[in-house]
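Reader: Could you walk me through this model, taking the sheets, the helix packing and the pockets in turn?

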Amino acid sequence: MRTASSAATRIRCVRVFVSADMEGVAGIARDEQTDPSSPLHAEGRRLLTLEVNAAIEGALDAGVQEVVVSDGHWNCVNLLPEELHPRAELVSGFPRRLYMGAGMGPGFDAAFFVGYHAAAGTPDAVLDHTYADDRVVREVRLCGVPQSEGSLTGYFCGAFDCPVALFTGDAAAVSQMHEFVLEVEGVVVKEGLARQAARSVHPRVARERIRAGARRAVERLDNIPPMRLSGRAELEVDVVTTAMAESCERVPCVRRLGPRTVGYASEDYVEVYRLFLALVDLARAAV
Ligand SMILES: [Zn+2]
């Protein structure tokens with residue numbers, strides 16, 4: 001059949017970027033499971049690696065040829081290299097430019113966000129925060145709209161015309177992402193009962209859902225638009241203390257918008273994203 005073979009030809013060329021976080025993985029409810037200094041982190045690493053592998057397998061089921069996985073949690077050394085699917089290449093380690101977006105650039109056709117969580121300040125969301133713990137960043141806005149790690153990284157992928165096709169995490173995180181892109185394939189693996197409590201499906205069930213979701217995401221890629229900001233990206237960051245705002249304000253292009261709020265605006269979202277990541281580091285250093 002001509003239609004089927006031309007679709008197969010198109011799918012064979014697909015390159016997928018996977019950005020992996022940890023708080024949104026099935027079976028994870030408390031900080032210690034995601035903290036590299038905790039003995040519970042070892043199990044978290046394994047659970048995360050297997051969910052990422054499920055997403056890769058789903059992509060390969062749909063005919064994807066190339067997968068780059070970016071470890072984006074904490075010090076970005078969480079995925080177990082030996083256990084990671086051999087068809088994927090791994091971006092890991094921190095500090096680095098572009099943090100959760102490291103490895104993304106021109107040429108990717110789809111982004112998968114695996115193990116993601118909701119924005120700082122979201123109720124009934126497992127381990128909600130935005131790019132730093134909740135003692136550093138209270139809220140991040142773009143053009144007045146509150147953002148999450150998913151949306152901030154999603155706009156970064158969008159700057160390279162790459163849509164976020166798959167998003168996995170807790171129920172609050174997935175519904176928050178749907179507010180930005182309705183078409184994204186969302187996979188819910190648990191429900192937050194409190195900030196550090198969850199009701200989760202079994203990890204194996206989560207992986208089955210993620211694999212199926214990844215396959216569906218690639219198959220209907222043409223109907224998932226890249227995330228784009230219309231016009232100038234106006235960034236506002238509410239940090240927790242005045243000392244943090246003072247630290248951010250040392251960057252000449254950054255404006256102090258309030259006692260604990262700093263801002264920056266540009267037509268170029270890649271620049272805004274990079275500056276935002278630098279501000280998070282400056283604020284964290286002022287704790
Ligand atoms: Zn995170």
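Author: What follows goes through the sheets, then a helix pair, then the pockets. This is a predicted model, in which local features need pLDDT of at least 70 and side-chain atom pairs count only at pLDDT 80 or more, while totals for chains, interfaces and linings use all residues. Residues are numbered from 1 along each chain as its sequence is written, and side-chain values use heavy atoms, with hydrogens and water left out.

Reader: Fine. What is the strand order in the open sheet of 7 strands?

Author: The order is β3-β2-β1-β4-β7-β8-β9, and the pairing is mixed; strands here are DSSP runs of E with at least two residues, helices are runs of H or I with at least four, and both are numbered from the N terminus. Two strands pair if DSSP finds at least two bridges between them. The edge strands, each pairing on one side only, are β3 (88-91) and β9 (197-200), and the twist averages 20 degrees from one strand to the next.

Reader: And how do β8 and β9 run, parallel or antiparallel?

Author: Strand β8 (residues 185-194) and β9 run antiparallel and are joined by 4 bridges, with glycine 192 opposite alanine 198 in β9.

Reader: Which strands does α2 touch?

Author: Helix α2 (residues 41-61) packs on the sheet and touches β1 (15-20), β2 (66-71), β3, β4 (110-116), β7 (164-170) and β8, contact meaning heavy atoms within 4.5 Å. The direction of α2 makes about 155 degrees with that of β4, where axes are lines fitted to C-alpha atoms, for helices over the stretch in contact, and angles run from 0 to 180 degrees between N-to-C directions. Helix α4, for its part, lies across β4, β7 and β8 and runs at about 150 degrees to β7.

Reader: OK, now the open sheet of 5 strands: what order there?

Author: That sheet has the order β6-β5-β10-β12-β11 with antiparallel pairing, and its edge strands are β6 (145-146) and β11 (255-258). β11 pairs with strand β12 (residues 261-266) over 3 bridges, and arginine 255 stands opposite glycine 263 in β12. Helix α7 packs on this sheet, touching β5, β10 (233-239) and β12, and its direction makes about 10 degrees with that of β10.

Reader: How do α3 and α7 pack, in angle and axis distance?

Author: Helix α3 (residues 149-158) and helix α7 (residues 269-285) pack at about 145 degrees, with their axes 9 Å apart. On the α3 side Leu152, Thr153, Tyr155 and Phe156 take part, and they meet Tyr269, Val270, Tyr273 and Phe276 in α7. The residues of this contact divide into 7 nonpolar, 1 polar and no charged, where Ala, Val, Leu, Ile, Met, Phe, Trp, Tyr, Cys and Pro count as nonpolar, Asp, Glu, Lys and Arg as charged, and the others, Gly among them, as polar.

Reader: Switching topic, which residues lie nearest the centre of the largest pocket?

Author: Glu23, Trp74, His129, Ala132 and Asp133 do, out of 21 lining residues. A pocket is an open set of points on a 1 Å grid over the protein atoms alone, where a 1.4 Å probe fits, with protein on both sides within 12 Å along at least five of seven lines, and lining residues have an atom within 4 Å of a point. The lining divides into 7 nonpolar, 4 polar and 10 charged residues.

Reader: And which element gives the most to the lining of the second largest pocket?

Author: α4 does, with 3 residues, and by class that lining has 5 nonpolar, 6 polar and 2 charged residues.
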